[in-house]
Amino acid sequence: MTTEQEPQVSEAQIAVHWREEDYLQPPAKFIGQANAADPAIIERFAERSFPDCFKEYADLLTWDSYWHTTLDTSEPPFWKWFVGGRLNACYNCVDRHLSSRRNQAAFIWVPEPEAEEQQAITYQELYRRVNEFAALLRDFGGVQVGDRVTFHLPMVPELPVAMLACARLGVIHSEVFGGFSGAACGGRVADSGSHILVTMDGYYRNGQLVDHKIKADEAVATAREQGHEVDKVLVWRRHPGQYASASPMVDGRDFFVDELLPDYRGAVVEPVSMPAEAPLFLMYTSGTTGRPKGCQHSTGGYLSYVAGTSKYYQDIHPDDTYWCCADIGWITGHSYIVYGPLALGTTSVMYEGVPTYPDAGRVWRICQRLGVNIFHTAPTTIRMLRKLGPDEPARYDYHLKHMTTVGEPIEPEVWRWYHDVAGKGEAAIVDTWWQTENGGFLGSTLPALQPMKPGSCGPGVLGVYPVIYDEDGATVEAGSGRAGNICIRNPWPGIFQTIWGQPDRFVQLYYEKYCRDKNSTDWRDWPYFAGDGAVQAADGYFRILGRVDDVINVAGHRLGTKEIESASLTVEEIAEAAAVPVMDEVRGRAVEVYVALKPGLAPSEDVANKVALAIDREIGKIARPRHVWIVTDMPKTRSGKIMRRVIAGISNFADVGDVSTLANPEIVEAIRHHVQSEKVAKGEVPRELTAQEAEEIKAFGRAE
Ligand code: WTA
């Protein structure tokens, strides 16, 4: 049945319907060519073979010296993988492919303007660019093994070049998503202690050449406020020789990379042989408090894990044309645009701009033109493509063998459009659940061996054994339909090593909750707390319900409520702020902000605008609130904490739950009346939440 033929049903009915989703089997043609087609692989990764089963992933890499200990648990929960082994990540992603596929494209880069030619960067060309930039970073930048370098780069080939150049030198890279503000970037520069910032003058987004260099000036200023100096800003130019930014270059600090590079033409830099446990990169993510968390990923464990999961779950073969339509500024791009695909020596497509620019057929035109056969994206993009161009895929001649969805729960209706219309019913689909902290997939189906079930990510992946615990640590029975906290019982090679500079917080946030014995060096006593709610069906498949802490997932990007609130509080007039999620048809969730003004000040549109602008400036447009509501007071507990679930309920026209324990219960009705009547006046049509969404809203900010 296609989506068009189905009667319109309300969201509530969809939720009920969800429980009855049928399996879909992968096409025989897919099974015939799949990397994981023999069920014996599931046996090989069974718990009794843990941790040695992961040798199979590590053996996909080329090691300078082999490890002596697969998993060292002596300092829990700081797990060490493949101890004693040495390797270089850049060598594994570039050099070792030269002998067999020197002139195969490693990347095909598609610029946003359709009139601009795409660039195919062969492995040989990538090798040359990476070596030259590595020489520049080392000799001009003065970086050494273990130093950190921050990038604030858009989706251009210079980004993976810079990543691989750092990896070649044993330098830790930290890419900040290009859409984040200068201030957000500066905070991450300071936190990581980077003395070099690599950026670009501008890039294309929605048809505009956006001024990006300006954010570097803000980043340097923010880092300085936090007591950290940036020595050099290396600026790539989107069009070499032409400067696209209005922001002046600062003498002695800012340098155009295209002017420096001629000095390094033809340079060859020996890849530095790194211990498996050496950090490869930091990837910052939002947490429950304002300070972002720099997730530190290892070299040997991480690279093994992304290579293995790319091979078996993405089904990547070297001769595939693989397109992960995500941004490298997020973990998905690090693992599944750059490191995983390149470790396997395939061709990875990169697209600069907005998937629906200049029209809703763009993505499918790219698939047709390049002969893409594996496509990977997030539900938010799928929803957008479905909304703007539901019939576009049929107009293009492309054929996908495999498709992925990642980043947030996908509604079965949207899943079906992805499968039937976007994938033309020809592709095996995997719904991959995981997090920045995890390096690679945690929950998914093996595409040729385990059937698809719309809305469920599937069982734990090979060598990963999930469990659902209740708040007290008791196991929630599979198939009981009861939600709980999904945890992973065992370590796996892709798990992050620590939060950069905050080891205590690492232990506290991810392991303390369910640790059975702090003195134990047995990994079985240290389940990993993922912070997501989930239910497990009797067949072992998990359905992820979303975050249990106060993080809002906008278009697949995690935004910390505390970060949004602190940004709001940078506005002079604001006394208190609370950010909550609202349901959004396209982006999954959108942000609404409630603010209370300092005493004596009158509410005005001007103040509301200032708050929105402050959020833009501090975090980025992605966090821009749909509404800023000025209220006289917030609903609070007796201990003075804001009850976010109550205002989240109001914003979503949902039940606000029990308010009897509030210090000021009378405020709830006043806020509800104000907010909901204005929403209705603005033409917002409230819809009934699904049971699952209602659950999420009720649980929002539950830590309080
Ligand atoms: C959510 C992205 C349902 C989840 C790779 C997780 C998902 C958070 C899925 C991590 C999925 C990710 N189904 N929910 N397939 N994938 N999530 O760190 O709440 O940006 O904790 O990593 O996104 O987001 P992050």
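This is a predicted model: local features need pLDDT of at least 70, side-chain atom pairs count only at pLDDT 80 or more; totals for chains, interfaces and linings use all residues.
**First stop: a loop residue.** Select Asp315, which sits in the loop between α12 (300-312) and β16 (321-324). Its phi is near 55 degrees, which is a positive value in a residue other than glycine.

**Second stop: two cis peptide bonds.** Go next to Phe50 and Pro51, which are joined by a cis peptide bond with omega at about 0 degrees; Pro51 belongs to the loop between α3 (40-44) and α4 (55-58). Then select Pro76 and Pro77, where a cis peptide bond has an omega of about -5 degrees, and note that Pro77 is part of the loop that runs between β1 (69-72) and β2 (80-83).

Display α15 (residues 379-388) together with α16 (residues 412-422), and look at the place where their axes come within 10 Å and cross at roughly 75 degrees. Because angles of 65 to 115 degrees count as roughly perpendicular, α15 is described as roughly perpendicular to α16. To see the contact itself, show the side chains of Ile382, Arg383, Leu385 and Arg386 on α15, and those of Glu413, Val414, Trp417 and Tyr418 on α16. Sorted by class, this contact of α15 with α16 has 5 nonpolar and 3 charged residues, and no polar ones.

**Last stop: the ligand.** Select the ligand and the 18 residues that surround it, of which the closest are Asp431, Thr436, Asp532, Arg547 and Arg558. Colored by class, the shell around the ligand shows 6 nonpolar, 7 polar and 5 charged residues. Three elements, α13 (331-343), β20 (428-432) and β25 (542-547), each supply at least two residues of this shell.

Some individual atom pairs can then be picked out. On Thr436, a polar side-chain atom is 2.5 Å from an oxygen atom of the ligand, and on Gln435 a polar side-chain atom is 3.0 Å from an oxygen atom of the ligand. How much of the ligand's area does the protein bury? Taken alone, the ligand exposes 530 Å², and the protein buries 96% of that.

Key: Residues are numbered from 1 along each chain as its sequence is written. Side-chain values use heavy atoms; hydrogens and water are left out. A residue is near a molecule or strand if one of its heavy atoms lies within 4 Å of it. A polar contact is a pair of N or O atoms within 3.5 Å; within protein, one must be able to donate a hydrogen and the other to accept it, and residues adjacent in sequence count only if both atoms are side-chain atoms. Accessible areas come from the Shrake-Rupley method with a 1.4 Å probe; for residues, only the protein chains shown count as cover. Helices (H or I, at least four residues) and strands (E, at least two) are DSSP runs, numbered from the N terminus. Ala, Val, Leu, Ile, Met, Phe, Trp, Tyr, Cys and Pro count as nonpolar, Asp, Glu, Lys and Arg as charged, and the others, Gly among them, as polar. Axes are lines fitted to C-alpha atoms, for helices over the stretch in contact, and angles run from 0 to 180 degrees between N-to-C directions. Angles under 35 degrees count as roughly parallel, over 145 as roughly antiparallel, 65 to 115 as roughly perpendicular and the rest as oblique. Contact means heavy atoms within 4.5 Å.
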